[in-house]
Amino acid sequence: MGNLWLLATEATERGFGLNFDVLETNLINLGIVIGVLVYFGRNLVGDTLKARRAEIETAIADAEERQRKASAALSEQQQNLAQAQAQAEKIRQQASERAETVKADILAQADLDIERMQEGAAQDLEAEQERVMNELRRRVVALAMDRVNGQIGNELNDDLHHQLIERSIARVGGN
């Protein structure tokens with residue numbers, strides 16, 4: 001109250017003026033500024049706070065919606081990943097089974113090829129043996145004929161020759 005009286009006194013002595021004494025005027029000025037702000041700024045501050053609150057609520061709702069969508073997308077992608085992993089495991093299993101089947105087929109075909117080769121080799125061996133035997137027979141017959149011809153030429157005279165012819169004719173005629 002003393003400050004108010006001091007302010008009023010000065011105002012009456014010097015007229016209307018400003019008191020620049022910081023210690024005397026600070027509380028009064030602060031009170032005036034707060035009063036003006038409360039009177040004029042109440043609606044402005046209230047509207048600003050309401051608008052800010054609405055923006056914050058909208059931002060929170062948007063963030064919650066984005067979080068919900070992100071959670072749903074994450075869940076869906078986790079399901080897709082699980083399905084992809086299951087599919088990859090299935091493909092790996094099928095590939096392994098197919099590899100075993102192909103391996104068994106290749107081994108069976110190799111066994112058949114070996115058997116055919118062995119049969120072919122046996123047939124070639126038999127054919128070669130037959131050819132060699134025929135060649136040996138032919139040579140033996142040729143050598144025997146050469147020897148017989150040599151002996152016949154030495155031992156065959158006209159009488160023996162006539163006797164052989166007569167016997168041969170008798171055999172042919174006797175049949």
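Arg53 forms a salt bridge with Glu57, and the closest N and O atoms are 3.1 Å apart. A salt bridge here is a side-chain nitrogen of Lys or Arg within 4 Å of a carboxyl oxygen of Asp or Glu. Glu57 is partly exposed, its relative accessible area being 45%.

Which helix holds Glu57 and Arg53, and by about how much are they separated there? Both belong to helix H2, and because they are four residues apart, about one helical turn separates them. Side chains of opposite charge can pair when their charged atoms come close.

## Further salt bridges

The count of salt bridges comes to nine. One of them joins Arg92 to Glu89, with 2.6 Å between the closest N and O atoms. These two residues are three apart in helix H2, so about one helical turn lies between them. Arg92 is partly exposed at a relative accessible area of 47%, and Glu89 is likewise partly exposed, at 41%.

Glu135 forms a salt bridge with Arg138, the closest N and O atoms being 2.3 Å apart. Glu135 and Arg138 are three residues apart in helix H2, and therefore about one helical turn separates them. Glu135 is partly exposed, with a relative accessible area of 26%. Through shared partners, salt bridges join Glu135, Arg138 and Arg139 into one network.

## Nonpolar patch and annotated segment

Ile32, Val36, Tyr39 and Phe40 make a nonpolar surface patch of about 460 Å². Patches consist of residues with over 30% relative accessible area and no salt bridge; like charges are joined within 9 Å, and nonpolar side chains (Val, Leu, Ile, Met, Phe, Trp, Tyr) within 5 Å. Phe40 lies in helix H2, which covers residues 22-155, and is exposed at a relative accessible area of 59%.

An unreviewed UniProt entry places the feature "transmembrane region" at residues 27-45. UniProt positions are given in the numbering used here, feature names are shortened, and annotations may be inferred rather than shown by experiment. In the model, residues 27-45 are 100% helix and 0% strand, and their end C-alpha atoms lie 23 Å apart.

## Overall architecture

The chain has three helices and zero strands, in the order α-α-α from the N terminus. Helices (H or I, at least four residues) and strands (E, at least two) are DSSP runs, numbered from the N terminus. Of the 175 residues in the chain, 3% are buried. The accessible surface comes to about 15800 Å², and 60% of this belongs to carbon and sulfur atoms; areas come from the Shrake-Rupley method with a 1.4 Å probe, and for residues only the protein chains shown count as cover.

## Confidence and conventions

The mean pLDDT (the predictor's confidence in each residue, from 0 to 100) is 83 for the chain, and 82% of its residues reach 70 or more.

Residues are numbered from 1 along each chain as its sequence is written, and side-chain values use heavy atoms, with hydrogens and water left out. For this predicted model, local features need pLDDT of at least 70 and side-chain atom pairs count only at pLDDT 80 or more, whereas totals for chains, interfaces and linings use all residues.

How values were computed:
Buried means under 20% relative accessible area, exposed over 50%, partly exposed in between (1.4 Å probe, protein chains only).
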